[in-house]
Amino acid sequence: MIRFILLQNRQGKTRLAKYYVPLEDSEKHKVEYEVHRLVVNRDPKFTNFVEFRTHKVIYRRYAGLFFSLCVDITDNELAYLECIHLFVEILDHFFSNVCELDLVFNFHKVYLILDEFILAGEIQETSKRAIIERLGELEKLE
Amino acid sequence: MDSIINPFSSGTRLRDMIRAIRACKTAAEERAVVRKECAAIRAAINENDQEYRHRNLAKLMFIHMLGYPTHFGQMECLKLIASAGFPEKRIGYLGLMLLLDERQEVLMLVTNSLKQDLNHTNQYIVGLALCALGNICSAEMARDLAPEVERLLQFRDPNIRKKAALCSIRIIRKVPDLAENFINPAAALLKEKHHGVLITGVQLCTDLCKVSSEALEYFRKKCTEVLVKTLKDVANSPYAPEYDVGGITDPFLHIRLLRFLRVLGQGDADASDSMNDILAQVATKTESNKNAGNAILYECVETIMSIEDNGGLRVLAINILGRFLSNRDNNIRYVALNMLMKAISVDAQAVQRHRATILECVKDSDASIRKRALELVYLLINESNVKPLTKELIDYLEVSDQDFKGDLTAKICSIVEKFSPEKIWYIDQMLKVLSEAGNFVKDEVCHALIVVISNAPELHGYTVRALYRAFQASSEQESLVRVAVWCIGEYGDMLVKNVGMLDVEDPITVTESDAVDVAEITIKRHTSDLTTKAMALIALLKLSSRFPSCSERIRDILVQQKGSLVLELQQRSIEFNSILEKHRNIRSALVERMPVLDEATFSGRRAGSVPTTVSPSTGASLKVPNGVVKPTAAPLVDLLDLTSDDAPAPSSSSGDFLHDILGVDLSPASGHSGTSQAAKNGTDVLMDILSLGTPPAQSSSSTPDIFSPSQNQKTAVVSLDGLSTPSPVSARAASPQATSSIIDLLDGLGPSPPAPENNGPAYPSVIAFESSSLRITFDFSKSPGNPQITVIKATFTNLSSNVYVDFVFQAAVPKFLQLHLDPASSNTLPASGSGTVTQTLRVTNSQHGKKSLVMRIRIAYKINGKDVLEEGQINNFPRDL
């Protein structure tokens, strides 16, 4: 199960934080700070997995943005790596060539996209097309 | 761009705010902007402004993400959720998920809105409600809303069904009791073609199995076939652009299916059997050049390892891991290491083959890989490979990263302690670790080392010289310094006189003043911590007696320390100084060598770890023939602690305050003056009280040697109290009587008559164990010429009217004993004592003459195919074994 998802830039600014387990606000800030510190200085050749407290963080870097998933220790690391990539592809498709600024100004859309992809810490849909179509329908309702 | 931010097109204030915040050059500026915004939002909330409510909440969410408090906006979420339009509801639910979590009381208020929205005619609104419920549902909400969610599992639109499935997962995680309601609708989802619904359905079923064994049985019986077929279809499906990842159709679904099959196959041979073919196919046919393919292989290997044994598949799985391990991609190597940890319990031999590669991974530059590899190496170590592997690890310790040294050191210490084949090797390895990474070595590891050193008298000289050398080379390692200072204090004379030189050693010339230098340097170096300095002070005091020529110099050092600002050091130096100046006559007695530290006591005290292999289980109490009824659940440690603490240990009692204090207390009671001889007997009495029924063999046969040094060296306490010199004769004469009278008072069993000494190796047989169903008798004999070894013939007699088959006798002993069990004469025990089984045990007592034997036993057998287990402990061995 995914515990939380973080999107952070190199400076450690959080661009998206979704928690599927309840945490105090202060604890969330601590987690964000620690995860950023863990992933930011790792060599690109290193594994995309870091052990974090009793869980592990699967992260992937796209340009200046780090996508980090915190998952159970028994979960399939490689699958979640693939999962991050699928999420990025969806964002890229939705914003047509996504950049950090898109995510800043449309943060609420990013949450909307994420909610169509992952729910209750589990993957909800694996088809990029299905998600994009669904988002199109939701857009029309606004 | 504008179309994307559509909900806020009525005004661009959210964009403006984000711009304004981004334009801030300092944190103070940013705080000012946020403060202003928050003030405006609060004002709007107070005015109950409706038009901009959702825009304000969106702004609050952004502010929240920056880390500012936004509690005042929580009620706004509820109001938005209660409004009619989709855009308002959407922002309301988003705010609910971001600003609140399941623990807030406010959440209670939202249950009703959620219920309405779950029943809404607009399926998009139903979707919003499900999403919020899935992400923040509490146990209470789960109970209230479970029927709605259950109904939605059959909703016509697949988007709702998949959301409802994941929502159900959250519900049953919160309230496992609700699981049974979901079993049937969840099983229906497994037949779906829509991948989204299928993957969420599989996940729901997997989670149901976790919380309900009923669900597990149901799915195992009804769904295994369906799932195998689904996996086959997915694995064989032609190119499907919608789900394609690197040439593989929907790896996510593959993985979920494999995971669910694992749950079904675990512990069920039939289910495992039915999935063998498809697992073999996935394991052989999946492309391994892309991450997606490897993810599937990895999951497949785990499933093969977990389901019921199939030799061919396991070989396949281990081969895949071998390929992974040699992959250039670090991620793949990492998962291989991870999985090999699990494989070790399945096929340790196969994993051992990759030892060299795994050892290389310990030296990887990536901390994640190192950590996994180190843990794996730790599991791979056994008696036969401990030496080369430890050498590799210690060599690597020199060059490893600072932040890895802690982990590595802890593991090496643990390996050395656990598998050390001989003491000299243990000491050598520990010294290397201490010199390389002494600052990372934990205190208890140092204590363990000191205990081992103290128990190896033949290595005292060697050890102290090695430590002296190590100190010269790396005096910055705190733990090394402590051990070195302790040993030099204890065995300083051996250092100087080159006592006990081993062949492997280079000769070394150390003068008395060199040895004192070590302690002095340690005290004067400002980086030494308090404990180290205090230990150095004690070492100095001890050396003052060992090296009379240096005592002036030592006194000078102590005098300097009298001005120490640290209370502990000041006090110690003042006390020691006065010993040197005013109590020269007792000094040598005070600074006697430490008694041999007891290994069993020590290991027993460490974290309550059980020093022997048999772990006490089953709560049944058990009758031991000496009259002690002891619950078997009581850890063996207790037993060992008890005996070792109270054992008379005659040769080592000179400095043991506990014994002497007890002795002094007890001896007046038995009518003697407080002499050390009487003290000894007093301790014996106590020993006998505590161990109830141990034959009161007179221990004086082994004691004379300790009486030979000067009389007042016996005990520090006694000497300090200025008590008169002992009168051995009267004490010795009185003691057996006192002892046996107490024994008689206590149990009246008198299990065996006191073994008369010098009577050759004849010992009485004892009934070691007796229960209503079984009796064990021990006959003892000593092998001539080696008093440490006792040969015990155990005779088992069946007291019941049933035949015992598969009869197995197991025994465990504390560390100072070594046990060898010969095969039993038979594993079938005839009924009603009509025949016996015998088995020979050989016990080597390394503390012969100091400690009695103790043993913990376990007997397993079968009556009419039913397993029976009996356990007990034996502490009525004759004393001098």
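This is a predicted model: local features need pLDDT of at least 70, side-chain atom pairs count only at pLDDT 80 or more; totals for chains, interfaces and linings use all residues.
For the complex, the predictor gives an ipTM of 0.96 and a pTM of 0.68.

The next topic is the interface. On the side of chain B, 75 residues are in contact with chain A, and on the side of chain A the contacts involve 64 residues. Between them the two chains bury about 6,300 Å². Carbon and sulfur atoms account for 55% of that buried area.

How many salt bridges are there between chain B and chain A? The count is nine. A salt bridge joins the side chains of Lys162(B) and Glu125(A), with a distance of 2.7 Å from N to O. Polar contacts also cross the interface of chain B and chain A: the rule finds 29 residue pairs, with both residues at pLDDT 80 or more. The side of chain B that touches chain A is made up of 33 nonpolar, 22 polar and 20 charged residues.

Over all chains, the structure holds zero disulfides. What is the distance from the sulfur of Cys131(B) to the closest cysteine sulfur? That closest sulfur belongs to Cys167(B) and lies 8.2 Å away, so the two are too far apart for a bond. A disulfide would need the two sulfur atoms within 2.5 Å.

Is Cys131(B) buried or exposed? Cys131(B) has a relative accessible area of 5%, and is therefore buried. In the other chain, Cys70(A) is buried too, with a relative accessible area of 2%. For both residues the cut-off that applies is a relative accessible area under 20%.

Definitions and conventions:
Residues are numbered from 1 along each chain as its sequence is written. Chains are lettered from A and ligands numbered from 1 in the order in which they are written. Side-chain values use heavy atoms; hydrogens and water are left out. Contact means heavy atoms within 4.5 Å. Buried area is the accessible area (1.4 Å probe) that two parts lose on being put together, summed over both. A salt bridge is a side-chain nitrogen of Lys or Arg within 4 Å of a carboxyl oxygen of Asp or Glu. A polar contact is a pair of N or O atoms within 3.5 Å; within protein, one must be able to donate a hydrogen and the other to accept it, and residues adjacent in sequence count only if both atoms are side-chain atoms. Ala, Val, Leu, Ile, Met, Phe, Trp, Tyr, Cys and Pro count as nonpolar, Asp, Glu, Lys and Arg as charged, and the others, Gly among them, as polar. Buried means under 20% relative accessible area, exposed over 50%, partly exposed in between (1.4 Å probe, protein chains only).
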